[in-house]
Amino acid sequence: MSLVFQVHVTDGLKYVKDAARAVTDGYENDLSDARVPSSNGNSIPFNAPLESTEKIDMLIVDVDSSDSSSGLSCPAADFVEESFLMAAKDSLSDQGLFVINLVSRSQAIKNSIYSKLKSVFPHLFHLQLDEDVNEVIFALKTETWTVEDKSHEASQRLARLLNLENSSRGENIMEASNKIKRLR
């Protein structure tokens, strides 16, 4: 079994909303004329159109906020709005996984984001990193979840898939996966 990843460097809000619309309406989006801002302020052609109406298996959001005055350093506030979360869910395959990096020192802000995520996704898990304020949240699209006690087996399978069973990196994966807890 081989894993295939596609990385799209573009406006994440637009991409996810277009992906959700593509899979729900069944159209292909052509972004061949789209342009992405570059670091020098110019724009460069964007050459990663949505090539099919296939749903996404894993969507990872790790976007710094340019306005940390709100108390939310990551992600930018637009990425935790209900409309974006609904589009993210719609773009996912039935067994799809939405992963978001959350950085805030405010428990009230975190609770607000948890509430928004819970209103859209039926099952949430989180990994609190020991040495950091970063928290990684995993949201499952599926309504059914019956293997809560199988996380250790899943981490072992991941290590095997990545050929990391007997390596320090594999051990790190196992250790980190054991820290993932259900977010209630």
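How many salt bridges does a search of the whole structure find? The search finds four, a salt bridge being a side-chain nitrogen of Lys or Arg within 4 Å of a carboxyl oxygen of Asp or Glu. The model is predicted, so that local features need pLDDT of at least 70 and side-chain atom pairs count only at pLDDT 80 or more, whereas totals for chains, interfaces and linings use all residues. Residues are numbered from 1 along each chain as its sequence is written, and side-chain values use heavy atoms, with hydrogens and water left out.

The chain holds five helices and seven strands, where helices (H or I, at least four residues) and strands (E, at least two) are DSSP runs numbered from the N terminus. Of its 184 residues, 38% count as buried, a class defined by under 20% relative accessible area, with exposed meaning over 50% and partly exposed lying in between (1.4 Å probe, protein chains only).

Within helix 1 (residues 12–25), Asp18 and Lys14 lie four residues apart, and their side chains meet in a salt bridge at 2.6 Å, N to O. Asp18 also forms a salt bridge with Arg21, the closest N and O atoms again being 2.6 Å apart. Asp18 is buried at 3% relative accessible area, whereas Lys14 is partly exposed at 42% and Arg21 is partly exposed at 38%.

A further salt bridge joins Glu135 and Lys110, with closest N and O atoms 3.9 Å apart; Glu135 lies in strand 6 (residues 134–140) and Lys110 in helix 3 (residues 107–120), so the pair ties together parts 25 residues apart in sequence. Glu135 is buried at 1% relative accessibility, and Lys110 is buried at 10%.
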